[in-house]
Amino acid sequence: MKSKLTITIDSELVPAAKRYARSKGVSLSAVIEQALREATGESEPTFAEKWLGKFKLDPEDYPKDDPRFDYLARKYLK
């Protein structure tokens with residue numbers, strides 16, 4: 001769950017921070033959140049870690065003799 005937070009920073013830093021976030025294609029909030037995660041040693045699970053094991057396939061749905069599927073199944077369907 002996200003919480004709203006008000007912070008105070010040097011007014012000269014704001015435009016540079018916004019440019020940096022824009023160049024990365026993320027929000028300024030995301031940049032600040034990531035910096036705080038790194039500073040506190042907290043880590044956010046990766047996309048794959050969030051979804052690992054969440055989907056189960058019926059064995060009848062497995063493609064037969066498809067090396068690409070076999071590779072992906074070994075990698076992601078542990």
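Visitor: Before we start, what is a polar contact here?
Guide: A polar contact is a pair of N or O atoms within 3.5 Å; within protein, one must be able to donate a hydrogen and the other to accept it. Residues adjacent in sequence count only if both atoms are side-chain atoms. The model itself is predicted.

Visitor: Which backbone nitrogen lies 3.1 Å from a polar atom of the side chain of aspartate 66?
Guide: The backbone nitrogen of arginine 68 does.

Visitor: And where does aspartate 66 lie?
Guide: Aspartate 66 is in the loop that runs between α3 (47-51) and α4 (67-76).

Visitor: Is aspartate 66 buried or exposed?
Guide: Aspartate 66 is buried, because its relative accessible area is 19% and the cut-off for buried is under 20%.

Visitor: What salt bridge does the side chain of aspartate 66 meet in?
Guide: One with the side chain of arginine 68, at 3.6 Å from N to O. Arginine 68 has 64% relative accessibility, so that residue counts as exposed.

Visitor: Which residues do salt bridges that share partners join into one network?
Guide: Lys2, Glu33 and Arg37.

Visitor: How many salt bridges does a search of the whole structure find?
Guide: The search finds three.

Visitor: Take glutamate 33 and lysine 2. What is the N to O distance in their salt bridge?
Guide: For glutamate 33 and lysine 2 the distance is 2.8 Å, between the side chains. This pair links distant parts of the chain, 31 residues apart: lysine 2 is in the segment before α1, and glutamate 33 is in helix α2 (residues 28-40).

Visitor: Is lysine 2 buried or exposed?
Guide: Lysine 2 counts as exposed, because its relative accessibility is 63%. Glutamate 33, at 26%, counts as partly exposed.

Visitor: And arginine 37, what does it form with glutamate 33?
Guide: Arginine 37 forms a salt bridge with glutamate 33, and the closest N and O atoms are 2.8 Å apart. The two residues are four apart in helix α2, so about one helical turn separates them. Arginine 37 counts as partly exposed, at 22% relative accessibility.

Visitor: Changing topic. How many helices and strands are there in the chain?
Guide: The chain has four helices and zero strands. Along the sequence, the pattern reads α-α-α-α.

Visitor: What radius of gyration does the chain have?
Guide: The chain has 20 Å, whereas a compact globule of 78 residues would be near 12 Å. The C-alpha trace spans about 60 × 25 × 20 Å along its principal axes.

Visitor: What separates the C-alpha atoms of tryptophan 51 and leucine 13?
Guide: A distance of 37 Å, for two residues that are 38 apart along the chain. Tryptophan 51 belongs to helix α3. Tryptophan 51 is also partly exposed, with a relative accessible area of 43%.

Visitor: How far apart in space are alanine 35 and proline 67?
Guide: From C-alpha to C-alpha, alanine 35 and proline 67 are 40 Å apart, and in sequence they are 32 residues apart. Alanine 35 sits in helix α2 and counts as partly exposed, at 41% relative accessibility.

Visitor: What share of the 78 residues count as buried?
Guide: In this chain, 5% of the 78 residues do.

Visitor: Which residues make the nonpolar surface patch?
Guide: Leu5, Ile7, Ile9, Leu13, Ile32 and Leu36 make a patch of about 540 Å².

Visitor: Where does leucine 5 lie?
Guide: Leucine 5 is in the segment before α1 (13-24). Leucine 5 counts as exposed because its relative accessibility is 64% and exposed means over 50%.

Visitor: Last thing, confidence. What is the mean pLDDT of the chain?
Guide: The mean pLDDT is 85, and 97% of the residues reach 70 or more.

Visitor: Where is confidence lowest, and where highest?
Guide: Confidence is lowest in α3, with a mean of 76, and highest in α1, at 95.

Terms used. Residues are numbered from 1 along each chain as its sequence is written. This is a predicted model: local features need pLDDT of at least 70, side-chain atom pairs count only at pLDDT 80 or more; totals for chains, interfaces and linings use all residues. Side-chain values use heavy atoms; hydrogens and water are left out. Patches are made of residues with over 30% relative accessible area and no salt bridge: like charges are joined within 9 Å, nonpolar side chains (Val, Leu, Ile, Met, Phe, Trp, Tyr) within 5 Å. Accessible areas come from the Shrake-Rupley method with a 1.4 Å probe; for residues, only the protein chains shown count as cover. A salt bridge is a side-chain nitrogen of Lys or Arg within 4 Å of a carboxyl oxygen of Asp or Glu. Buried means under 20% relative accessible area, exposed over 50%, partly exposed in between (1.4 Å probe, protein chains only). pLDDT is the predictor's confidence in each residue, from 0 to 100. The radius of gyration is taken over C-alpha atoms; the globule rule is 2.2 Å times the number of residues to the power 0.38.
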